[in-house]
Amino acid sequence: MNKQGLSFRNIPGWAIVLAIFGILYLTGLHTEAIGQLQRLLLATGLKKADVPEGTTPSRMAGTDLSPTSQMAGAGFQLTTLDGKVVPFESLKGKVVFLNIWATWCPPCVAEMPSIQSLYEKVGSDKIAFVMLSVDQAGLPKVQKHIQKKGYTFPVFLPASPLPQEFDSPSIPSTFILSPEGKIVSKQIGMAEYDTQEMRDFLVNLAK
C-alpha cells in the first residue's frame, strides 16, 4: 500500500486562506491586515471624500444638514486622551472635522493616514479635528493604538451619549460642521480625505 507523504501542494487553497485568517484573528492582526488592503484601494483615488458644491459659507446656505437651528451636538461632552472633559459646543466658531472610528474597524484604520496628512496641512485655530473613538475597550486601547501609529491629530472618546445628529448606521463616519455649528457634509464609509478639493473646502469654509 502506497502512502503519499503530506505535501503543501496537496492542501486546498481555501484551507490555506482560512488558516492565514485564523492566525491573523487569533493574534489580533486581522484588522490591520484588512485595513492595509483597503488602504491600497484608497491609494487608487477611486474613493475620494465627497466635497459639497460651493466652497464658501455664503454659497453653502442651502446645504445645512443639521436637524435643528442650534449647534449640532449641543450638550455633547468629549474626553481627551489625558482624561480632560471638553464640551463639544466649545468648538463653535471653528470648522469641525468630526470622524467617528474604532480600533477594530478596518476601514477606519485604512483612512486614518489620509486624515493625519490632511490635519498636518490644514489643522489650525480655525479648523478643529475631532477623531472620536467609539471603542468599548476604553481609553487604554485607544491610547496604545494612537501611540503605535504616531498620529498627532486630536483624539477623543464620548463622555456622554452620542448625539442623534451624529448617529450613523456604520463607521467610519465623518461630519463637517461650519463655524456656525451646522453640518454641511456627511460621509459614511471610508474615503481618501487628503485631496486638493477637501483642503480647499475646509480652508474656504473657515474664512
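Rings of Phe, Tyr and Trp (its six-membered ring) count as a pair if their centres lie within 6.5 Å. With that in hand, here is a friendly walk through this predicted model.

**Aromatic residues**

Phe 76, Phe 88, Phe 166 and Phe 175 come together as one aromatic cluster. By the pairing rule, the count comes to 7 aromatic pairs. One of them is edge-to-face and joins Phe 97 to Tyr 193, with 5.3 Å centre to centre and 90 degrees between the planes. This pair links distant parts of the chain, 96 residues apart: Phe 97 sits in strand β3 (residues 95-101), and Tyr 193 in the loop between β7 and α5 (196-205). Phe 97 and Tyr 193 are both buried.

**Val 96 in strand β3**

Strand β3 also holds Val 96. Is Val 96 buried or exposed? Val 96 counts as buried because its relative accessibility is 1%, and the cut-off for that word is under 20%. Setting aside residues up to four places away in sequence, Val 96 touches Phe 88, Leu 91, Ala 128, Val 130, Phe 175, Ile 176 and Leu 177.

**Gln 187 and its surroundings**

Next comes strand β7 (residues 183-188), where you will find Gln 187. Gln 187 is buried, at a relative accessible area of 9%. What lies 2.8 Å from a polar atom of the Gln 187 side chain? It is the backbone nitrogen of Asp 50. Beyond its neighbours within four places in sequence, Gln 187 is in contact with Ala 49, Asp 50, Pro 172, Ser 173, Thr 174 and Tyr 193. Tyr 193 is the residue that forms the edge-to-face pair with Phe 97. Pro 172 lies in the loop between β5 (155-158) and β6 (173-177).

Asp 194 is in the loop between β7 and α5. Asp 194 is buried, with a relative accessible area of 15%. Its side chain makes a polar contact of 2.6 Å with the side chain of Arg 199. Not counting residues up to four places away, Asp 194 touches Ser 114, Ser 117, Leu 118, Lys 121 and Arg 199.

Helix α3 spans residues 106-122. Its 17 residues reach 25 Å from the first C-alpha to the last, close to the 24 Å expected at 1.5 Å a residue. Where does α3 bend by about 35 degrees? The bend is at Met 112, and a proline, Pro 113, follows within four residues. Of the 17 residues of α3, 13 are buried, so the helix is largely enclosed by the rest of the structure.

| Residue | Relative accessible area |
|---|---|
| Val 96 | 1% |
| Gln 187 | 9% |
| Asp 194 | 15% |

**Confidence**

The mean pLDDT of the chain is 83, and 71% of its residues reach 70 or more. Over residues 55-62, pLDDT stays under 50, and the model has 14 contacts beyond four places in sequence for that stretch.

Terms used:
Residues are numbered from 1 along each chain as its sequence is written. This is a predicted model: local features need pLDDT of at least 70, side-chain atom pairs count only at pLDDT 80 or more; totals for chains, interfaces and linings use all residues. Side-chain values use heavy atoms; hydrogens and water are left out. Helices (H or I, at least four residues) and strands (E, at least two) are DSSP runs, numbered from the N terminus. Buried means under 20% relative accessible area, exposed over 50%, partly exposed in between (1.4 Å probe, protein chains only). A polar contact is a pair of N or O atoms within 3.5 Å; within protein, one must be able to donate a hydrogen and the other to accept it, and residues adjacent in sequence count only if both atoms are side-chain atoms. Contact means heavy atoms within 4.5 Å. Rings of Phe, Tyr and Trp (its six-membered ring) pair if their centres lie within 6.5 Å; planes under 30 degrees apart count as stacked, over 60 as edge-to-face and the rest as tilted. pLDDT is the predictor's confidence in each residue, from 0 to 100. The expected span of a helix is 1.5 Å times one less than its number of residues. The bend at a residue is the angle between axes fitted to the seven residues ending there and the seven starting there.
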